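Hi everyone, thanks for coming. I'd like to walk you through one chain today, so please have a look at the picture first.

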Amino acid sequence: MALTFHSLTLCDREAMQAVTLPAGRRNCNYTFTNLVGWKFLFGTEVCVLENEVVLRYTFNGKRAYMVCTSEALSLKLIDALLDDSNGNLTLMGLEDSQVAQLSIFNSPRNATLSQREFSITSEPVRNQYDYIYRRTDLATLRGRHLNAKRNHIHRFRAEHPDFEYHPLTPEFFDECRRLTATWQEEKKQTPNQNDNKIEIIDAEHRVMETIFSNWDALGMIGGSILVDGRMVAFTYGSAVTTDTFDVCVEKADRHVEGAFAIINQQFAEHLPEQYIYLNREEDMGIPGLRQAKLSYHPEILLTYNVVHITKND
């Protein structure tokens, strides 16, 4: 089995999503929007098979792979990936259940499964776990555990009774750029910002421009909050599976109390009902962001593991 990769382009969307949308893997790294947007940073390549999408890219200067499939990773595919990686394979973004499935390949009891021997190690990456919520929970904020969130919403509505929610369309992109530029400058001036964090902030701007330039082709859905005709928050994303929507970006004016809470709630309320879950992505190990995401009580904290497989000669 030989794998043939090519550079990821917009033309790959239909073929890839024919596999990824029904596969049920809610990892935000499989969202086509994220893959296209961040391609410039990782040099992403793709190989679309009958039941799998295989991604090859560069991470921290080394070749790495991701595989989206609804099935267990097959020995045949692992062998092909080992050949492609010269016997030193790094698989990113595997869930705990997938790691457990891989362990059978080098189990003495299952030696007949393969004519090769493997060394497999895995490492959980907590900073990359995805926070997944029920859309209706975020839209209604019912329950005692979300009292504080409802209070933020009530306060925002009391202070801004004439606020407007609008679907995000190209006519609002300049306002998104204005709000994002302000957010970026404030972030860069925050103490303890190292060069790497500043590079990521700059990269996010490039990703956003790529998405705005291909909004319809990527199947984007977004929302915005206006107060006195001025945008104070916006968000957008796209489907990662048939029932899960990935919120790729959420920006708000931090000087407007409750702006983050209201865009979160309103977007969930207006999103098509086919989406049962909202993936609000990872916390990147930022303490405040982790606390904020946990405070909404995710339905699923989706695990993320890095697995290294080497072929023993």
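**A hairpin and a helix crossing**

Let me start with a pair of residues: C47 has V54, in strand β3, as its bridge partner. Please keep in mind that this is a predicted model.

That pair belongs to a bigger pattern. Strand β2, residues 45-48, also has a neighbour in β1, residues 6-7; those two run antiparallel and are joined by 2 bridges. Within that pairing, H6 is partnered with V46 of β2. On to β3, which covers residues 52-59: β2 pairs with β3 over 4 bridges, again in the antiparallel sense. And what joins β2 to β3? A hairpin does, passing through 3 residues.

Now over to the helices. Take α7, residues 147-159, and α10, residues 259-270: their axes come within 9 Å and cross at roughly 105°. Angles from 65 to 115 degrees count as roughly perpendicular, so that is the word for α7 and α10. On the α7 side you'll find H152, I153, F156 and R157, and they meet A259, A261, I262, Q265 and Q266 of α10. By type, the residues of this contact are 5 nonpolar, 3 polar and 1 charged.

Let's zoom out to finish. The chain holds 11 helices and 14 strands. Its C-alpha trace spans about 70 × 40 × 40 Å along the principal axes. Finally, among contacts with a separation of 6 or more, 72% come from residues 24 or more positions apart.

Definitions and conventions: Residues are numbered from 1 along each chain as its sequence is written. This is a predicted model: local features need pLDDT of at least 70, side-chain atom pairs count only at pLDDT 80 or more; totals for chains, interfaces and linings use all residues. Side-chain values use heavy atoms; hydrogens and water are left out. Two strands pair if DSSP finds at least two bridges between them. Axes are lines fitted to C-alpha atoms, for helices over the stretch in contact, and angles run from 0 to 180 degrees between N-to-C directions. Angles under 35 degrees count as roughly parallel, over 145 as roughly antiparallel, 65 to 115 as roughly perpendicular and the rest as oblique. Contact means heavy atoms within 4.5 Å. Ala, Val, Leu, Ile, Met, Phe, Trp, Tyr, Cys and Pro count as nonpolar, Asp, Glu, Lys and Arg as charged, and the others, Gly among them, as polar.
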